[in-house]
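Subject: Structure for you to look at

Hello,

I am passing on the structure we talked about. My notes on what I found follow below it.

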Amino acid sequence: MNQMRTNALQGDKFKGTRMAWVPLLLAYVVHPLGLASMKISGAPMDLDRITALNDGFWLALAGLAIIVSIVKRKSDAPFAVQPPKRSRGKILAKLVFFLLFAAVLFRTAAPWLAANHEAALPIQEARPLAYLLFAAAWAMTFGLPSRKNFRTFGAVTGFLLLVDFVASSGMAGYVVAADRMGRAEYPACLLLVGLGAGLGSDTRGKGAVFGRVLILAGLISTFSPTALLTGAALLLFLDKGKMRGRALSALALLFAAGYAIYFTPEAGRVLQHMYGLRLWTNVARMFADYPMNMLTGFPTGIPLPVNLPLADPDQWQIQAKAMYVLPLNIHIFWVRFILVWGLAGPLALFAACSLRAAGMRSLFGAGILAATLAQGMISTLFYQSNVAIVLFLALISALTTKNSVHQRDIDNERQRQPYSGN
């Protein structure tokens, strides 16, 4: 019974998690295809429209999940609080109440937020917390996706990115990074999660090998240097198996990273990410001038007392007539998070997760934390719903799964098909 409960936490063998993988379907397949269809059709790709598409998908899924939890009489997911027996009339009444509440909230909250932009700024900065609550509620209601789910959907996204890369390069006549499915750093982060889910697993089967090849091919297709370097580090230092195969895969990623920086037409865009160095320097100078805010952060509705690099104003969403900067204008997660919440909280949280992953010897957890640290240096990460919810589901899975059970499953597979590796 205890082993079944532990497998339930991992989400690999728990029979009551048939809907557990639905968020991955939305993040890895539906959302990228939605962005690609918008770009192919010529629809405007402004930030507000993309954000509405992102959050619209997840609000619809949250509504569906609430309806299912109301109608469902018993939850098989781990940690779920079993509802008392209810009549059909009570279920119908709760369902009608929820639908009316959602309709009223949608009709009143959306116009209020649009009319009171400054009052809504704290809500913007609480987005990571909202996504964490969504992931936790989903895990408690429907269970966690299995690591095989993460690997499978990672392979699907890798295939989509590879198709985009081949088609775009063929039409352009030279190497062009896959960009129809959003900014490269976001699908690359999803692929790193899929790669991390396979760390230490037996990848000798044809399906497992093909899946990993697609994930690596997708990473190369994004030409995201940080993601490629992180993927190479995961393969070299955290993965198991023969060193030769891991080294060859890592070299392919490193070559792609170097090519992206120095040779591709996107090199200018990649080099623009170097503004992060100036940004960190200015933020350090700002904390030196306001040392107390290093611990508490700055208010969300007040312009920041910092001069930011404005070589590319579009990256800051700053109009020429408004040269002040708010936290939401900053598109680097760690900078924005530290400016709002201070330095002590984020450091303590990251250290706690790292100690938990190390104590459990969780390769999956270590891979997720490495991806979070790296991709958070160049993207909004946890402020992006499509990436944040997947990362939180992966972290919950990695940091609550008993490593001994996962390792036992791996060992059993290797005993059925022995091989020797470094």
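Of the 422 residues in the chain, 47% count as buried. Please keep in mind that this is a predicted model. The secondary structure consists of 19 helices and zero strands. Among contacts in the chain with a separation of 6 or more, 75% are between residues 24 or more positions apart. The accessible surface comes to about 21300 Å², and carbon and sulfur atoms hold 68% of that.

Helix α7 covers residues 147-172. Its 26 residues reach 37 Å from the first C-alpha to the last, close to the 38 Å expected at 1.5 Å a residue. Just after α7 comes Gly-173, with a positive phi of about 85 degrees.

Helix α18 runs over residues 385-400 and has 16 residues. Its span from first to last C-alpha is 22 Å, close to the expected 22 Å. In α18, 14 of the 16 residues are buried, so this helix is largely enclosed by the rest of the structure.

Salt bridges

The structure holds six salt bridges. Three of them are described here.

Arg-127 and Asp-55 meet through their side chains at 3.0 Å, N to O. Arg-127 belongs to helix α6 (residues 127-142) and Asp-55 to helix α3 (residues 47-71), so this pair ties together parts that are 72 residues apart in sequence. Arg-127 counts as buried, at 15% relative accessibility.

Glu-125 pairs with Arg-336, and their closest N and O atoms are 3.1 Å apart. Since Glu-125 sits in helix α5 (residues 121-125) and Arg-336 in helix α15 (residues 333-341), the pair ties together parts that are 211 residues apart in sequence. Glu-125 is buried at a relative accessible area of 3%, and Arg-336 is buried at 5%.

Arg-180 forms a salt bridge with Asp-164, with 2.8 Å between the closest N and O atoms. Here Arg-180 is in the loop between α7 and α8 (185-197) while Asp-164 is in helix α7, so the parts tied together are 16 residues apart in sequence. Asp-164 counts as buried, with 5% relative accessibility.

Phe-223 has a phi near 50 degrees, a positive value in a residue other than glycine. Phe-223 is found in the loop between α9 (206-222) and α10 (225-237), and is buried, with a relative accessible area of 5%.

Arg-361 also is a residue other than glycine with a positive phi, near 55 degrees. The loop between α16 (344-360) and α17 (363-375) holds Arg-361. Is Arg-361 buried or exposed? Arg-361 is exposed, with a relative accessible area of 61%.

Surface patch and cysteines

Leu-229, Leu-248, Leu-251 and Leu-254 make a nonpolar surface patch of about 380 Å². Helix α11 (residues 243-262) supplies the largest share of the patch, three residues. Leu-254 lies in α11 and counts as partly exposed, at 36% relative accessibility.

How many disulfides are there? The count comes to zero, with a disulfide taken as a pair of cysteine sulfur atoms within 2.5 Å. Cys-189 is buried, with a relative accessible area of 1%. Cys-353 is buried too, at 18%, where the cut-off for buried is under 20%.

Regards

Methods: Residues numbered from 1 in each chain as written. Predicted model: local features only at pLDDT ≥ 70, side-chain atom pairs only at ≥ 80, totals over all residues. Heavy atoms only, no water. Helix = DSSP H or I, 4+ residues; strand = E, 2+ residues; numbered from the N terminus. Buried < 20%, exposed > 50% of the residue type's maximum accessible area, 1.4 Å probe, protein only. Contact = heavy atoms within 4.5 Å. Areas by Shrake-Rupley, 256 points an atom, 1.4 Å probe, with all protein chains shown as cover. Patch = residues over 30% accessible without salt bridge, like charges linked within 9 Å, V, L, I, M, F, W, Y side chains within 5 Å. Salt bridge = Lys/Arg side-chain N within 4 Å of Asp/Glu carboxyl O. Expected span 1.5 Å × (residues − 1).
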